[in-house]
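Colleague: Please take one part of this model and look at it closely. Start with its charged contacts, then go on to any open space beside it.

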Amino acid sequence: MFPDDDGPDFEDLVPREFGPDPDGDDIPADWMGPDALGWVTSSDSLIAIVTAERLVFVHAFRMEQLEEHQRWAASVGAADSSFRRGSMVDVAERSIRLELACALKISEYAAERMTALVEALVVRYPDVLNSMGRGQVSERHVNTLIDAADEIAEEHRETLVAQGLEWAEELPYGTFRRKLRAFAAELQVTTIEEQFEAAFAE
C-alpha cells in the first residue's frame, strides 16, 4: 500500500474498466476515453485509496512515536511494564494526537478519532482497510461500519464487520447504513437472549 519513493503515477491509478490499456494495441478507433461521470467515479475511488494509505502512514507514525517514548522512558529508568500500563503511555498518545492535529490542522478530537480508526483498521479489521485501499469502499462507509462494531458485544463484532463490509462494497451509503443498523440490532437481541439464558441457568 505504500507508494514508491517517486510517488504513484496518476495514470496507473485510473481503473482500467474505463477503457483499454492506453499502451496496448487493442484500442478501438472510436474509443473516446472515460466521460465526465467516469472521471468522477474514478476520482472517488482514488480518494478512498489515498485515505487508506494515509491511515497506514498514521499507524507507522504512531508506532514510531510510541517506540521513541518507550526508549526515553527506559533512559530515565522507567520499566517497560510501567510504560505500557501507567500514565506515561497516556502522555505519549496525547503527544501523538497533538502532533497530528498540528500537522493536519485539525482538532485534537479529530486526531483522536483518526488514531482510533487506524487502530481498528490496521490491528482488528485489516480486510476493511484492504478493501478501502482498493477503492471498493468509501471512508464514510468505513467510519459507520467501525462505529457500529464498537457499539455491540465483542463476540459479534467479526460477524458484523464481515457482513457489513460485503454490503459496503455493494450498496449506496443510505441503504448500507439501514441494513447495518438492522443487523446490529439483531445481534444485540441475540446477546441479550444469551445473557438471559445464562442468568436463568445459574
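Modeller: The whole structure holds six salt bridges. The term needs a side-chain nitrogen of Lys or Arg within 4 Å of a carboxyl oxygen of Asp or Glu. One caution: this is a predicted model, with local features needing pLDDT of at least 70 and side-chain atom pairs pLDDT 80 or more, while totals for chains, interfaces and linings use all residues. Numbering starts from 1 along each chain as its sequence is written, and side-chain values use heavy atoms, without hydrogens or water.

Take Glu108. Its salt-bridge partner is Arg94, and the closest N and O atoms are 2.8 Å apart. Glu108 sits in helix 5 and Arg94 in helix 4 (residues 87–104), so the pair ties together parts 14 residues apart in sequence. Helices here are DSSP runs (H or I, at least four residues), numbered from the N terminus.

Now the space. The largest pocket has about 280 Å³. A pocket is an open set of points on a 1 Å grid where a 1.4 Å probe fits, with protein on both sides within 12 Å along at least five of seven lines. Its volume is the space filled by probe spheres set on the points.

Sixteen residues line the largest pocket, with Arg113, Met114, Ala116, Leu117 and Asn143 nearest its centre. Lining means an atom within 4 Å of a point. Helix 2 (36–75), helix 5 (108–124) and helix 7 (139–151) each give two or more residues to this lining. Helix 5 gives the largest share, seven residues. By class, the lining has eight nonpolar, one polar and seven charged residues. Asp, Glu, Lys and Arg count as charged; Ala, Val, Leu, Ile, Met, Phe, Trp, Tyr, Cys and Pro as nonpolar; the others as polar.
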